[in-house]
Amino acid sequence: MIDSSDIVVTMTAVLSTMIALLGGLIYVQTPAKSGTSSFYPNPKTEPSKYAYEMYHTIYSPIWISIFGIIVVFQLYESWSAKEYNLYLLLLSLPCILQPIIFPSAFFSSPDAQRPLSQRYATKANIWLAIYAFIGNYWYTHYFYSVLKASYSMPSTRLNNVPIAMYFATMFYFSSYHVFSNTLLRKIKTTFEDSPRKRVLYVSTVFVLSYFTAFMETLTISSFPYYQFEDRDLAYKVGSAFYGIYFLVSFPAFLEFDKDVDEKGEGRRKVTCWNAVVESCGYGMMIMCLLDFVRLYLGIPLTIGV
């Protein structure tokens, strides 16, 4: 077993190398002549996406703070399965109910003038909710089988995964994908299109995916009821394994319903059903990648036990 100081040194080296690589790739880029570099969508030309991303940017530190207080002060120690479900459901409701109760997202979103089924936030929620469901219902078993992970807190379960985790994934993934949107959009709007820019974009997706997965694994390490047989392996290899999710979903979500605020015949109209189909399709891509890794490692997959 490697001690914690070795983990810190190793992961610092890995992440520093990744950041240095991105720094080098940024250095050789040609700045765009358009002058429209931005982390967030243009509020004039993309008001629906702008409002959605600003809403989640503001809500993210709120749920992170609440979640941090729960973990640091170990408030969960007195919780039953019902309380786990209730508290994590409550944290997910601002994400789930936003297109229904606050369609303007407090940033003048055009969603307020659209029927519920045509709102960008509704379709984005469907996309993320299905992705979160697939991730919990199916992908969790790859962590059980490959990384020997387990949940041991009181829980009601669906396919041997605590239902509370289905709720938690909704607000986790909403934040992850909004923040990935900001970084990937910054690259797309800052530099001239070229092979070097495409290499930077793909490299950023890889680094961001690994970093997101590692940070979640690290920050939840103080929660004693999510365990790994080998936590060192979980940090190093497990972060790459978990990062496979985001290799697919980060660039996919950035492009989701990108014409929602466009007018005219040439725009692509995305319906709620399109959101369902797209999310299921990307979900299957991720599942295949996870299974390819499992097959390469020669580890049997056990589902629902």
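Residues are numbered from 1 along each chain as its sequence is written. In this predicted model, local features need pLDDT of at least 70 and side-chain atom pairs count only at pLDDT 80 or more, while totals for chains, interfaces and linings use all residues; side-chain values use heavy atoms, with hydrogens and water left out.

**Helix packing**

Helices (H or I, at least four residues) and strands (E, at least two) are DSSP runs numbered from the N terminus. Axes are lines fitted to C-alpha atoms, for helices over the stretch in contact, and angles run from 0 to 180 degrees between N-to-C directions.

| Helix pair | Axis separation | Crossing angle |
|---|---|---|
| Helix 3 and helix 4 | within 8 Å | roughly 150° |
| Helix 5 and helix 6 | 10 Å | about 155° |
| Helix 7 and helix 8 | within 9 Å | roughly 155° |

Helix 7 spans residues 231-255 and helix 8 spans residues 272-297; their axes cross at roughly 155°. That angle makes helix 7 roughly antiparallel to helix 8 (angles under 35 degrees count as roughly parallel, over 145 as roughly antiparallel, 65 to 115 as roughly perpendicular and the rest as oblique). The crossing of this pair is right-handed; a crossing is left-handed if the near helix is turned anticlockwise from the far one by less than a right angle, and right-handed if clockwise. On helix 7 the contact (heavy atoms within 4.5 Å) is made by Phe 241, Ile 244, Tyr 245, Val 248 and Ala 252, and on helix 8 by Tyr 282, Met 285, Ile 286, Leu 289, Leu 290 and Val 293. These contact residues comprise eleven nonpolar, no polar and no charged. Ala, Val, Leu, Ile, Met, Phe, Trp, Tyr, Cys and Pro count as nonpolar, Asp, Glu, Lys and Arg as charged, and the others, Gly among them, as polar.

Helix 5 and helix 6 are likewise roughly antiparallel to each other, and their crossing is right-handed. Residues of helix 5 in the contact include Tyr 172, Tyr 176 and Ser 180, which meet a set in helix 6 that includes Thr 212 and Glu 216. By class, this contact has nine nonpolar, three polar and three charged residues.

Helix 3 and helix 4 are also roughly antiparallel, but helix 3 passes helix 4 in a left-handed crossing. Here Cys 95, Ile 96, Gln 98 and Pro 99 of helix 3 meet Ala 121, Thr 122 and Asn 125 of helix 4. Their classes are four nonpolar, three polar and no charged.

**Cavity and pocket**

On a 1 Å grid over the protein atoms alone, a cavity is a set of points where a 1.4 Å probe fits but cannot get out, and a pocket is an open set with protein on both sides within 12 Å along at least five of seven lines; lining residues have an atom within 4 Å of a point. Grid points are joined across faces, edges and corners, and a volume is the space filled by probe spheres set on the points.

The whole structure holds one cavity of 30 Å³ or more, and the volume of the largest cavity is about 510 Å³. Its lining has 30 residues, with Tyr 151, Met 165, Glu 216, Ile 220 and Tyr 226 closest to the centre. Helix 5 provides the largest share of this lining, six residues. The lining divides into 22 nonpolar, seven polar and one charged residues.

The largest pocket has a volume of about 490 Å³. Among its 20 lining residues, Trp 63, Ile 64, Tyr 172, Tyr 176 and Thr 219 lie nearest the centre. Helix 2, helix 5 and helix 6 each give two or more residues to this lining, which has 13 nonpolar, six polar and one charged residues.
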